[in-house]
Amino acid sequence: MKEKVCSFFDSEEALFFSSGYQANTGVIACLAGQEDLILADEKVHASMKDGIKLSQANCFFFKHNDTRQFEKKLIRLKEKKDYRSIFILLESLYSMDGDFCDLEGFCRISRNYGAYIILDEAHSTCTYGKGRGLARELKLHND
C-alpha cells in the first residue's frame with residue numbers, strides 16, 4: 001500500500017493517519033517547536049491551528065493569500081530573531097471560499113528564505129493534478 005501511495009504522489013515516503021485532523025495536528029506538532037517560526041494563512045483549517053498550539057512554535061498569521069504581506073512579515077520577523085526553522089502553512093484549495101492558494105508565489109518566497117511549506121491538499125486531492133493535488137499539477141510537489 002505504501003509503495004502505491006508513494007508512486008501515485010511521486011513521493012519518497014508516506015505517512016498514514018486516520019483523519020485529516022490528526023494529520024495536520026500530528027505533522028505540525030512533530031515538525032515545529034519553540035525555536036521555530038510558523039507563518040500561516042489566516043484561513044487555514046482549524047486542525048492546522050490546533051497543530052500550531054500543540055507545537056508551541058512562534059506563530060503569526062498573514063492576510064489570506066497575500067504573498068506581499070507574507071514576505072514583508074517574514075523579513076521583519078527574521079530580522080528580529082534567528083529561528084531554527086520556518087514553516088509556511090497553506091491549503092491548496094480553501095474549502096470555505098473555494099479559492100486556490102498562490103502556490104507558485106509561496107514556493108518562490110520559501111526558496112528565497114529557506115522556509116518549508118506544509119500544504120494541506122485535502123480538498124484538491126482526487127480533483128486536481130490527475131487526482132494527485134494542486135502541487136503535483138503545478139509541478140511544485142518537490143517544493
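Analyst: Let's start with a definition: a residue counts as buried under 20% relative accessible area, exposed over 50%, and partly exposed in between (1.4 Å probe, protein chains only). Before we use that, note that this is a predicted model, where local features need pLDDT of at least 70 and side-chain atom pairs count only at pLDDT 80 or more, while totals for chains, interfaces and linings use all residues. Residues are numbered from 1 along each chain as its sequence is written, and side-chain values use heavy atoms, with hydrogens and water left out.

User: OK, let me try that out. Does tyrosine 83 count as buried or exposed?

Analyst: Tyrosine 83 counts as buried, because its relative accessibility is 12%. You'll find tyrosine 83 in the loop between α4 (67-80) and β3 (86-91). Those labels come from DSSP runs, numbered from the N terminus: helices are H or I with at least four residues, strands are E with at least two.

User: And which residues does tyrosine 83 touch?

Analyst: For contact, look for heavy atoms within 4.5 Å. Leaving out residues up to four places away in sequence, tyrosine 83 touches Glu35, Asp36, Leu37, Asn58 and Leu77.

User: Where is alanine 122 found, and is alanine 122 buried or exposed?

Analyst: Alanine 122 is in the loop between β6 (116-120) and α6 (134-137). At 53% relative accessibility, alanine 122 counts as exposed.

User: Now the rings. How many aromatic pairs does the structure hold?

Analyst: The general idea is that you describe a pair of aromatic rings by the distance of the centres and the angle of the planes. Rings of Phe, Tyr and Trp (its six-membered ring) pair if their centres lie within 6.5 Å; planes under 30 degrees apart are stacked, over 60 edge-to-face, and the rest tilted. By that rule the structure holds five aromatic pairs. Take phenylalanine 62 and phenylalanine 106: their ring centres are 5.5 Å apart and their planes sit at 40°, so this pair is tilted. Phenylalanine 62 is in strand β2 (residues 58-62) and phenylalanine 106 in helix α5 (residues 103-113), so the pair ties together parts that are 44 residues apart in sequence. Phenylalanine 62 counts as buried at 1% relative accessibility, and phenylalanine 106 counts as buried at 0%. Ring pairs also link Phe62, Phe70 and Phe106 into a cluster.

User: Helix packing next. At what angle do helix α2 and helix α3 pack?

Analyst: Helix α2 (residues 20-31) and helix α3 (residues 46-55) pack at about 30°, with their axes 7 Å apart. That makes α2 roughly parallel to α3; the cut-offs are under 35 degrees for roughly parallel, over 145 for roughly antiparallel, 65 to 115 for roughly perpendicular, and oblique for the rest. The contact involves Gly20, Tyr21, Asn24, Thr25, Ile28 and Ala29 of α2, and Ser47, Met48, Asp50, Gly51, Ile52, Leu54 and Ser55 of α3.

User: How many nonpolar, polar and charged residues has the contact of α2 with α3?

Analyst: The contact of α2 with α3 has six nonpolar, six polar and one charged residues. Ala, Val, Leu, Ile, Met, Phe, Trp, Tyr, Cys and Pro count as nonpolar, Asp, Glu, Lys and Arg as charged, and the others, Gly among them, as polar.

User: At roughly what angle do the axes of α4 and α5 cross?

Analyst: The axes of α4 and α5 cross at roughly 15° and come within 10 Å. The two helices are therefore roughly parallel to each other. Thr67, Phe70, Glu71, Leu74, Ile75 and Lys78 of α4 meet Gly105, Phe106, Arg108, Ile109 and Tyr113 of α5. By class, the contact of α4 with α5 has six nonpolar, two polar and three charged residues.

User: Last one: what is phi of aspartate 10 near?

Analyst: In general, most residues other than glycine have a negative phi. Phi of aspartate 10 is near 55°, a positive value in a residue other than glycine. Aspartate 10 is in the loop between α1 (2-9) and α2, and is partly exposed at 42%. Asparagine 65 also isn't a glycine but has a positive phi of about 60°; look for asparagine 65 in the loop between β2 and α4.

Key:
Axes fitted to C-alpha atoms, helices over the stretch in contact; angles between N-to-C directions.
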